[in-house]
Structure formats: C-alpha cells, structure tokens
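Come along and check each entry with me.

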Amino acid sequence: MSLSDHVRTLGRGPGRSRSLTEDEAADAMAQMLAGAAPEAVGALLMLLRMKGETAEEIAGFARAAQAPLADWPQADLDWPCYAAGRTRGLPWFLLAAKLVADSGARVLLHGWNGPDPAIRQGLTALGIPMVETPEAAARALDAQGIAYLPLEAAHPALFRLLDLRRTLGLRSCVNTVCRMLNPGRASASVQGVFHPSYRLLQADAAQLLDWRNLSVIKGGGGEFERHPGMEIAGFGLRDGVPWQGSYPARVQDHRRLSDLDLPTEALTALWQDDNGPEFARQIVLGTAALAFDTLGSAPDLTALWRARSVLHSA
C-alpha cells in the first residue's frame, strides 16, 4: 500500500473512515521514514491529530521507528526526554537518572527538547555522556551506567518527522512515538506526559508491544519528574499486566517546579555537595523512587544518595 492509501483510510469522511491497524500503522511509518511525499506525510499526521491516535496506531508506528535501531546496546531502564520545558525548572530528573545508574542499572536516556537548552546543558554539567553511535553508547553504559542519545543523531529520519511541528504548527503523534522508541530495548521504561489522557494511551501501546514494565506520570513540564508535594498517579505495566499506582506526597510544599529559578550550576551543587533546596532534593529522590519501583526494586534512597559517585572534576 502507498502512503496515500493510508491517508484515504483515515480521511474518507464520516461513516467511512477508520483508524489504522497496527500493521497498517507500521507500514505508514516505514514509508514516512523512507522519505514519502511530504504532502502525504503532513496529511496523515494531521488527520491522526484530528481523530486522536489509538494504541494500535502508536504501537505500529513505534515498532517501525525502532527497527533501524537494532544495533544499540541493551539497557535496563529506558528514559525518554521530549518535553519543551515551559512549566519545568531545572531538569532535576537527570540527578534521579544518575542515582539509578549508581545502583548498577544501565540507564539510556534519549530525546529532543526543541528550543529548550536546559536538558542538554544539564547533561554537560553532570557529566552524562551524549552519544551518537551504538559503540559510543556501549562504552558509556559500561563505564558510567548512563548515556543520552540525541534523537537528531541517533535517528535522523524520525527527527525530521518530529521537527515537522515547526512547519505544521501543531504537535503530532510523532511526539508520542518518540517516547515509545526504547532504543535500548529495556525491560523497564519511565515516561512523563503533560496531558493526562496520554498516560493510558502509552500504557496500552506498550502492552501491544509486549513491554514488561512501564510507569507513566503527569510529570514536570511533561518529563518523568515527580512533584514531591503532590500525590502522584502512575499508569503502565508491571510484568506485562496493566497497572495503576498512587504515591503520597513526600513534603508539604505545593510550589510550582518552575518556582525554583536557579542556574544550571545548582544541579552540580546538589549532586556534588548536597547543597541546595530541600524541595529540589525531594524532586530527585521522589523521581528516583518511581524509577526504582518500575525496575522492581526499593533501595534505601537515603543511603544511596549518601553513597552517590560525585564528579571527578569537582
């Protein structure tokens, strides 16, 4: 089938159009990644936005998008980072990811954040390696237990589809597909969303993809970052079975995450010297606790934080 056939399936009109099957969605994504006519790509993405994506469509798209990444090394925890950061302060979740890696889990982050430089700056400040090849990723995971894949380098074809937002003026389902990419084929994934309706969509798609463990939360600015002063609802999978969980607030502090208006150096100050606001420390520990829960463990976070590996350059 051509991409125009899939556009026709979606756009025939009331009573005649229908959603794509998982296999049709995989075929459509493969064609878009291979360089299908941009008019057809735009039409398909916008029809999906108007209709609303199904779990089958997201699963098919993700399956096709992941196929070119077969050579990337195995990870234990998948951590996508694709939010624009408009309602988040510093990316404190990066410290949570480092804490998980310190425990011995292999953590593979991947992402793109548009005009928001905070995450890339945070990676540099914290010494989390950005890798562009499977070989570099393997070395980083072996040496430090953590690495970050820039989407534009790891999957240029998918990045071009994601970057169509600048042309189309609207978010497309590619944002969700990127969160479901799981390039390291980890058995556990943590995902943040801005709109709560996507929590179940991503959980249902993950089950279709035979994922084992997934936690999706409405996180800070759309990232997997927990607000420590609020009760958090989690959705996803545990051992391949649909799961929902609830986590009580850790502190009595209801400020917005973005109220912590601090420079990037505050990330290293907290990691290196345990110097920073208690609210920020609780963001890190609370986010790490949810990540560990996804991995099926519950370590002593206080002890793990005290034993964290500080940067050698400090």
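Entry 1, terms. I call a residue buried under 20% relative accessible area, exposed over 50%, and partly exposed in between (1.4 Å probe, protein chains only). This is a predicted model, where local features need pLDDT of at least 70 and side-chain atom pairs count only at pLDDT 80 or more, while totals for chains, interfaces and linings use all residues. Residues are numbered from 1 along each chain as its sequence is written, and side-chain values use heavy atoms, leaving out hydrogens and water.

I searched the whole structure for disulfides and found zero; a disulfide is a pair of cysteine sulfur atoms within 2.5 Å. C173 is in no disulfide either, with the sulfur of C178 the nearest at 9.7 Å. I noted C173 as buried too, at 1%.

I counted 13 of them in the structure, each a side-chain nitrogen of Lys or Arg within 4 Å of a carboxyl oxygen of Asp or Glu.
- E57 pairs with K51 at 2.9 Å, N to O; E57 is buried at 0%, whereas K51 is partly exposed at 34%.
- E278 meets R281 at 2.2 Å. They sit three residues apart in helix α14 (residues 278-295), so about one helical turn separates them; a helix here is a DSSP run of H or I, at least four residues, numbered from the N terminus.
- E22, D23 and R63 join in a network of salt bridges.

Technical notes
Helices (H or I, at least four residues) and strands (E, at least two) are DSSP runs, numbered from the N terminus.
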